Amino acid sequence: MTRLKHFFRESFRNRALIIMALPGIILVFMFNYMPMFGISIAFKNFNYGKGILGSPWCGLDNFKMLITNMNVTSRIVRNTLGYYFLFTAVGTVANVALAIALYECVFKRYAKVTQTIMIMPTFISFIAVTYIVNALLNNATGMFNNILKSMGKETINWYLSPQYWPAILTVVNVWKGTGYGSIMYLSALSGMDQEIFEAAQIDGATKGQQIRYITLPMLTGMICILLLLGLGGIMHSNTGLHYQVTKNVGLLYSTTQTIDAFILNALTSGTSNFGMNAAVTFFQSVVGCVMVVATNLIVRRWDPDKALF
């Protein structure tokens with residue numbers, strides 16, 4: 001009872017701040033918590049005519065349908081996890097490397113112009129990226145095939161060759177996201193104590209040694225936090241990348257189709273089972289939540305200062 005009185009007393013004392021935060025709280029509640037009511041579809045045999053409340057319950061049947069279709073389920077889960085770890089590893093290295101390169105650049109005006117140019121692909125829609133990739137990989141007029149022809153080699157039908165697409169999608173993802181992804185690391189670098197670098201220079205440390213023994217260790221906290229935040233989306237993927245850039249070509253599914261691309265394909269093809277799709281998204285959210293909490297516990301045991309909470 002004492003705690004409750006203290007809560008109301010503090011709330012009344014900070015009523016101005018609470019009123020200012022109220023619009024944001026309402027928006028978060030409306031767009032992040034109210035839609036959670038739709039989770040019930042995962043346990044129902046959804047019927048448009050009856051709606052969510054009127055549709056009959058079916059228990060775990062929607063989850064059983066995923067288990068029975070193991071060929072598709074194992075493929076999309078494997079691709080989703082594989083691309084997550086591939087993009088995270090390559091993207092983190094690219095983001096950190098670009099941030100350090102821009103930070104260490106002597107010509108600061110050139111660095112600012114370069115950073116602006118590198119960020120621009122982030123704002124290009126995936127529809128435009130699809131046309132760019134098609135211009136490069138088109139079987140008849142693509143730039144890469146024209147280069148192969150000029151070298152006297154056979155052309156490649158890229159959209160019928162699934163083995164090339166993990167590398168292609170990784171390059172596209174790095175090109176589109178590295179400029180924006182480096183901003184967080186660049187801000188962390190800007191906040192570092194310059195006296196440490198000056199002391200290292202006095203001791204005769206080279207620029208490479210400063211990066212290895214000072215810059216990178218000081219960035220580990222930011223890297224851990226961003227990796228922990230990213231773990232929430234371990235079972236999610238970018239549909240613009242995996243659905244649009246690949247043109248949703250069926251022959252590429254073995255190496256390109258992820259869980260989100262599978263759901264979008266089902267929704268657009270008119271053969272969608274909303275209950276099963278809801279079950280898939282519920283599974284994604286649960287796995288993401290478990291991964292964030294479990295990994296944070298491990299990080300907190302290793303170094304509490306680098307934990308998210």
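**Close-up views of a predicted model**

View 1. Met 30 lies in helix α2 (residues 15–33); helices are DSSP runs of H or I with at least four residues, numbered from the N terminus. This is a predicted model, in which local features need pLDDT of at least 70, side-chain atom pairs count only at pLDDT 80 or more, and totals for chains, interfaces and linings use all residues. Residues are numbered from 1 along each chain as its sequence is written, and side-chain values use heavy atoms, with hydrogens and water left out. Met 30 has a relative accessible area of 39% and is therefore partly exposed (buried is under 20%, exposed over 50%, partly exposed in between; 1.4 Å probe, protein chains only). Met 30 belongs to a nonpolar surface patch of about 1200 Å², whose other members include Leu 22, Phe 29, Phe 31 and Ile 39. Patch residues have over 30% relative accessible area and no salt bridge, with nonpolar side chains (Val, Leu, Ile, Met, Phe, Trp, Tyr) joined within 5 Å and like charges within 9 Å. A salt bridge is a side-chain nitrogen of Lys or Arg within 4 Å of a carboxyl oxygen of Asp or Glu. Areas are from the Shrake-Rupley method with a 1.4 Å probe.

**View 2. The largest pocket.** Its volume is about 870 Å³. A pocket is an open set of points on a 1 Å grid over the protein atoms alone, with protein on both sides within 12 Å along at least five of seven lines; lining residues have an atom within 4 Å of a point. Volume is the space filled by probe spheres set on the points, which are joined across faces, edges and corners. Of the 29 lining residues, Phe 87, Thr 88, Asn 95, Asn 173 and Gly 177 lie nearest the centre. Two or more residues come from each of α5 (70–104), α9 (165–190), α11 (207–231) and α12 (239–244). The most, ten, come from α9.

**View 3. The second largest pocket.** About 320 Å³ of space lies here. Asn 32, Pro 35 and Met 36 are among the lining residues, as are Phe 282 and Cys 289. Helix α15 (residues 274–302) gives the most, six residues.

**View 4. The largest cavity.** This cavity (points where a 1.4 Å probe fits but cannot get out) has a volume of about 40 Å³. Its lining includes His 242, Tyr 253 and Ala 261. Both α12 and α13 (253–256) give two or more residues.

**View 5. Phe 262 in helix α14 (residues 259–269)**. Phe 262 counts as buried because its relative accessibility is 16%.
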